[in-house]
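Here are my notes on this one, as numbered points. Have the model open while you read.

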Amino acid sequence: MRLLVVEDSRPLGEGLATVLRGAGYAVDVVHDGVSADAVLSTQSFDLVVLDLTLPQMDGLEVLRRLRARKNRTLVLILTARGALDERVRGLDLGADDYMTKPFDVPELEARVRMLLRRQAGLRQAGIEIGEVRFDTVSRTLTARGETITLPARELAVFETLLLRSGSVVPKQAIIESLADFDEDLSENAVETYVSRLRRRIAPYGLAIRVARGLGYYLTAGEGG
């Protein structure tokens with residue numbers, strides 16, 4: 001999952017990015033409204049964490065332009081502007097959620113998970129495939145009563161494949177779910193993450209299969 005943080009405070013923006021990357025998301029950060037509008041016009045994200053008080057262009061205008069382009073990317077407003085009329089205007093313009101500063105990091109992480117789960121159409125708290133259960137709230141995997149611990153990037157690959165279960169996921173989609181602005185992630189790197197993940201989940205009856213020339217898909221069974 002690829003996220004964009006739009007925050008004029010550089011320390012806060014980088015702090016948010018660190019927290020969200022630690023949760024396994026690919027995160028980019030911009031610090032003004034014009035940059036946010038430009039990036040959202042040309043690149044794809046799963047969710048935007050959007051401040052409202054931004055230099056060059058107000059966050060509400062960024063949101064208005066995003067929705068005017070018929071772009072339904074999830075938007076979580078995170079701002080110190082907590083007056084009722086501000087919240088109403090933000091939601092009316094198409095924000096999916098609204099949080100005020102100061103905020104608790106665990107609540108922010110929970111709201112991000114909730115929005116992404118809702119976007120994927122997952123009403124249940126967990127998804128089962130083979131012997132493995134993925135908790136969509138805590139983003140943890142369990143099997144046979146044990147927790148399967150995955151490094152953040154392998155977890156992101158697994159989640160990307162699982163949430164598109166039944167479809168072949170192109171390598172480029174996996175790259176976009178892992179890489180941020182400052183990283184040039186190659187197809188070879190994706191193959192490495194997939195290979196490592198394949199070995200970790202094989203003992204639990206899961207396989208990552210290759211659709212040659214197209215991408216990967218997750219299935220219960222042997223081989224791959």
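1. First, a term: contact here means heavy atoms within 4.5 Å. Leaving aside neighbours within four places in sequence, Asp37 is in contact with Met57, Val62, Arg65 and Arg69.

2. A word on the source: this is a predicted model, where local features need pLDDT of at least 70, side-chain atom pairs count only at pLDDT 80 or more, and totals for chains, interfaces and linings use all residues. Residues are numbered from 1 along each chain as its sequence is written, and side-chain values use heavy atoms, with hydrogens and water left out.

3. Back to Asp37, which sits in helix H2 (residues 33–42); helices are DSSP runs (H or I) of at least four residues and strands are runs (E) of at least two, numbered from the N terminus. Asp37 counts as buried because its relative accessibility is 11% (buried is under 20% relative accessible area, with a 1.4 Å probe and protein chains only).

4. Now the sheet: 5 strands make an open, parallel one, in the order E2-E1-E3-E4-E5. Strands pair if DSSP finds at least two bridges between them. Strand E2 (26–30) and strand E5 (97–100) are the edges, each pairing on one side only. Strand E1 (residues 2–6) pairs with E2 over 5 bridges, and Leu3 stands opposite Val27 in E2.

5. What lies over the face of Tyr25? Arg139 does, at 4.4 Å from the ring centre. The rule wants NZ of Lys or CZ of Arg within 6 Å of the ring centre and within 35 degrees of the ring normal.

Terms used: Buried means under 20% relative accessible area, exposed over 50%, partly exposed in between (1.4 Å probe, protein chains only).
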